[in-house]
Amino acid sequence: MIGGLFKSKKVIAAEKDKRIMENEIKRLSLEIVRKDGFLKCKNDLFISKEKAGKNVYDWEKMGDELKKYHEENQALKKELEKIDKILSIETLDNNYLIKIERFIPEIRFSNALESLKESGIIYVQCLNDYVIEKLVVDVKLRAEIIKRYNNFLDGVMPWDLKTNLLKGEKITKIYSKYRKVVNVLSERSISYMDELNYNVLESFIDYGYNEDDIKILKDIYDDYRKKYLIR
């Protein structure tokens with residue numbers, strides 16, 4: 001039920017983020033054109049530093065602003081690419097359990113975190129408003145966790161949390177003891193556990209791994225999915 005509900009809402013949230021990013025990119029692009037045109041006019045007129053006085057300062061300042069707009073625009077485009085990847089994921093039904101300490105990692109939540117874990121609440125998906133009301137003593141923190149949890153249900157959360165939810169844990173963490181495995185998968189642009197499968201692991205025979213080695217890698221993969229994948 002959680003997976004089905006979350007699927008539609010997280011897509012809506014991603015689409016909203018995408019529209020905001022696109023509008024901001026358009027704004028910055030127009031600003032770049034305007035600033036760039038101004039600089040070209042200045043260049044055509046060519047005023048020397050000795051005669052320009054304050055005009056030179058304005059010109060240089062405008063150049064700095066143009067550089068800043070270009071950098072902001074590139075950063076936004078990269079974020080837009082991430083959102084497009086989320087929207088293009090074919091396996092949106094695959095959601096993964098998220099540890100509660102990743103949901104409320106700040107020090108101010110340490111007592112609330114301890115109380116939740118002592119009561120067996122170790123994943124975000126185990127939460128609900130009643131549990132939070134019952135186990136979190138501090139009124140202010142309780143309200144903040146409830147708000148954060150409801151945002152989570154609506155697909156509104158930090159990027160790393162959303163990626164963890166949709167694509168699982170990073171390969172670098174689960175296979176941290178197997179440096180060569182991590183490097184090979186990285187070269188093949190496989191970064192998250194949801195991107196891994198038996199076919200990929202079996203292909204390690206080409207990298208000098210024997211059947212026993214591959215079985216160990218598969219067991220790690222199976223254990224992770226058994227524990228964290230929401231079916």
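Is Tyr221 buried or exposed in this predicted model? At 7% relative accessibility, Tyr221 counts as buried (under 20% relative accessible area; exposed is over 50% and partly exposed in between, with a 1.4 Å probe and protein chains only).

In this predicted model, local features need pLDDT of at least 70 and side-chain atom pairs count only at pLDDT 80 or more, whereas totals for chains, interfaces and linings use all residues. Residues are numbered from 1 along each chain as its sequence is written, and side-chain values use heavy atoms, with hydrogens and water left out.

**View 1. Aromatic pair of Phe103 and Phe152.** Rings of Phe, Tyr and Trp (its six-membered ring) pair if their centres lie within 6.5 Å; planes under 30 degrees apart count as stacked, over 60 as edge-to-face and the rest as tilted. By this rule there are eight aromatic pairs. Phe103 and Phe152 are edge-to-face, at 5.8 Å centre to centre and 75° between the planes. The pair links distant parts of the chain, 49 residues apart: Phe103 lies in helix α4 (residues 100-103) and Phe152 in helix α7 (residues 139-153). Helices (H or I, at least four residues) are DSSP runs, numbered from the N terminus. Both Phe103 and Phe152 are buried.

**View 2. Tilted pair of Tyr198 and Tyr221.** The ring centres of Tyr198 and Tyr221 are 6.0 Å apart with planes at 55°, so the pair is tilted. Tyr198 belongs to helix α11 (residues 198-202) and Tyr221 to helix α12 (residues 211-228), 23 residues apart. Tyr198, at 34% relative accessibility, counts as partly exposed.

**View 3. Lys218 over the ring of Tyr198.** The charged end of Lys218 sits 4.6 Å from the ring centre of Tyr198; the criterion is NZ of Lys or CZ of Arg within 6 Å of the ring centre and within 35 degrees of the ring normal.

**View 4. Tyrosine cluster.** Ring pairs join Tyr96, Tyr123, Tyr224 and Tyr228 into a cluster.

Note on methods:
Helix = DSSP H or I, 4+ residues; strand = E, 2+ residues; numbered from the N terminus.
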